[in-house]
Amino acid sequence: MEVYRGQNGFVLSTTNGKTWEKIDLPATESLFKVRMNGDLGVIIGDYGTILVTYDGGNTWKRFDEIAKRTSAWLIDMYPMASDKAAVILGKGLLERINFKE
């Protein structure tokens, strides 16, 4: 599955590039980047927004640990499927976070 982000929580997914499906996400913030690593996927966005999937993009959950501490602009992330974790980069922020299912 490929996942593409948009403004105000708008995200599309595809398995073949011809058929697209809108994904309902628990976010209305602008989203900047999507990365998948196996079934683990992470989306970052405005105001410290982080969304996580453990099932290849079928369902998404908010991960508010960073957003509670900072409204840093998140720039990039690198999901690590084997550890269910990610390295998150933002303005003044570099952190490894562990996701809990």
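Contact, as used in these legends, means heavy atoms within 4.5 Å. The model is predicted, so local features need pLDDT of at least 70, side-chain atom pairs count only at pLDDT 80 or more, and totals for chains, interfaces and linings use all residues. Residues are numbered from 1 along each chain as its sequence is written, and side-chain values use heavy atoms, with hydrogens and water left out.

**View 1. The open sheet, strand by strand.** Four strands line up as E4-E5-E6-E7, paired antiparallel. Strands here are DSSP runs (E, at least two residues), numbered from the N terminus, and two of them pair if DSSP finds at least two bridges between them. E4 (31-37) and E7 (61-62) sit at the edges with a single partner strand each, so one side of each has no neighbour in the sheet.

View 2. Pick out Leu31, whose bridge partner in E5 is Gly45, and then Met36, which is partnered with Gly41 of E5. Two residues lie between the strands of this hairpin, and Gly38 in the turn has a positive phi of about 65°.

**View 3. Around Asp39.** Asp39 is found in the loop between E4 and E5. What does Asp39 contact, leaving aside neighbours within four places in sequence? Thr53, Tyr54, Asp55 and Gly56. For Asp55, 16 residues apart from Asp39 along the chain, the C-alpha separation comes to 4.9 Å.
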